[in-house]
Amino acid sequence: MRYSANIERLQPSATIAVSTLAKRLKEEGRDILNLSAGEPDFDTPQFIADAAVRAIRDGQTRYTPPPGITPLRKVIATRLSERAGRDLDWTGVVVTAGAKQALYNATFCLFGPGDEVIVAAPYWTTYPDLVNIARAEPVITFGDEADAFKLAPADLDRAASERTRGLIINTPSNPTGAVYSLQELTAISEWARDRGVWLISDEIYRNMYYEDGVGAAPGLLDIPEASLADFVLVDGASKSHAMTGWRVGYSYSDSRLAAKFADLQSQITSNTSTPAQFAALEAYSNQAAAEESVSRMAAAFKNRRDLVTRRMDELMPGVPYIRPHGAFYLYFRVDHLFDDDVKDSTAWCSRLLERTGVALVPGGAFGDQRWARMSYAASEEVIEEALRRIAGAANGD
Ligand code: PLP
């Protein structure tokens, strides 16, 4: 069968082998601890769910404009303006079916054949594929491992060419939990500004930040306006408000570009689900309730981060890992555990799952087969037990 060149380089998700095996073993009745999930283990806060039910009962069940209902775009712009300390134009906001669609809109509208896009690595598994779908070239670029792989301008200089048109970063990072400081972010943005390179900043984990208690990680809108490159900011309600299944994300960019995103969306999916937009409207409008639930969840993630790192140190001393400052993942090295049968993290994770029932995501999904990712979006009991089993496997018990 012949397919189009559009999907020539399309890869199935690199996480699929382990998750398929996890599913099969669970169906067989095995005791599986699934720490491969990329979503909060909390339910959507009640006040948000109630708003969706109200909207459905009120007949809010029809199409909306492709970039979303105006009150939602406006309230998102208001929240972003508060952060930026200046008035941002609400027509720059496009509401999407999850942050993923915002990223798709951005890569598809900005890049094409002949263009190179620097992708900060380890990367969230979807970025290179989105660049490939646009038929541009992802340039996978790692920063210094000793600095949690964060990119610095010198790394970007090495990666850049005449054809560089874009740069995709993610802070806090999936899979490392690394967070760019304001200073680091400013340097990156200035680099992109000076080179005329589009900066796409995925800040979906912004509210899961564990420095100085809990709060929000530095983001593009915190840096001085003069230092800003042409940018697309991507965020959404999936992680911060435990709304992964609702499919509400957004981008904020220059309004002219936002209009292109809306045009593209109008030909593909139209608007994201209408009741979900009303749920998000409540999530972003009812600040007191939102703050209470977002900070409660963030505090739980911080406790788990503390637990997971403490237990790593106790149970697997010397195993290198990146200390997460945000998001809910622990990224650790497993290559010292390879042997004749197991030569990469995909094989290592499959064996771990078969032998211990613990499902992780192999580092190959993020561009480095020497590592594995464990999600700590799970109860403390599950995290404890999973670490005990991983340590048992690692210590050859
Ligand atoms: N960006 C990152 C870094 C993610 O980890 C994820 C989901 O795992 C997404 C975007 C997608 O978010 P959404 O579910 O809103 O499409």
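Hi everyone. In this predicted model, helix 1 (16-27), helix 4 (98-110) and helix 5 (126-133) each put at least two residues into the lining of the largest pocket. Helix 5 contributes the most, with seven residues. That pocket holds about 1,100 Å³ of space.

Who sits nearest the centre? Of the 46 lining residues, those are Ser 13, Lys 100, Trp 124, Thr 125 and Thr 126. By class, the lining splits into 21 nonpolar, 16 polar and nine charged residues. Both domain 1 (5-43 + 290-394) and domain 2 (62-285) take part, each giving at least three residues to this lining.

Now to the second largest pocket, with about 540 Å³ of space. It has 23 lining residues, and Arg 79, Arg 206, Asn 207, His 241 and Glu 291 are the closest to its centre. Which helix gives the largest share of this lining? That is helix 10, with six residues. Helix 3 (70-84), strand 7 (231-236) and helix 9 (274-285) are among the other elements that supply at least two residues each.

Last, the nonpolar cores. The largest has 68 residues, and the members touching the most others are Val 232, Phe 332, Trp 348, Leu 360, Met 374 and Ile 390. Domain 1 and domain 2 each supply at least three residues to this core. Take Ile 390: beyond its neighbours within four places in sequence, its contacts include Met 316, Phe 332, Trp 348 and Leu 360. A second, separate core of 50 residues has Ala 84, Leu 167, Ile 223 and Ala 237 among its members. Thanks, everyone!

Conventions
Residues are numbered from 1 along each chain as its sequence is written. This is a predicted model: local features need pLDDT of at least 70, side-chain atom pairs count only at pLDDT 80 or more; totals for chains, interfaces and linings use all residues. Side-chain values use heavy atoms; hydrogens and water are left out. A nonpolar core is a set of buried Ala, Val, Leu, Ile, Met, Phe, Trp, Tyr and Cys residues joined through side-chain atoms within 4.5 Å. Buried means under 20% relative accessible area, exposed over 50%, partly exposed in between (1.4 Å probe, protein chains only). Domain bounds come from an automatic or database domain assignment. Contact means heavy atoms within 4.5 Å. On a 1 Å grid over the protein atoms alone, a cavity is a set of points where a 1.4 Å probe fits but cannot get out, and a pocket is an open set with protein on both sides within 12 Å along at least five of seven lines; lining residues have an atom within 4 Å of a point. Grid points are joined across faces, edges and corners, and a volume is the space filled by probe spheres set on the points. Helices (H or I, at least four residues) and strands (E, at least two) are DSSP runs, numbered from the N terminus. Ala, Val, Leu, Ile, Met, Phe, Trp, Tyr, Cys and Pro count as nonpolar, Asp, Glu, Lys and Arg as charged, and the others, Gly among them, as polar.
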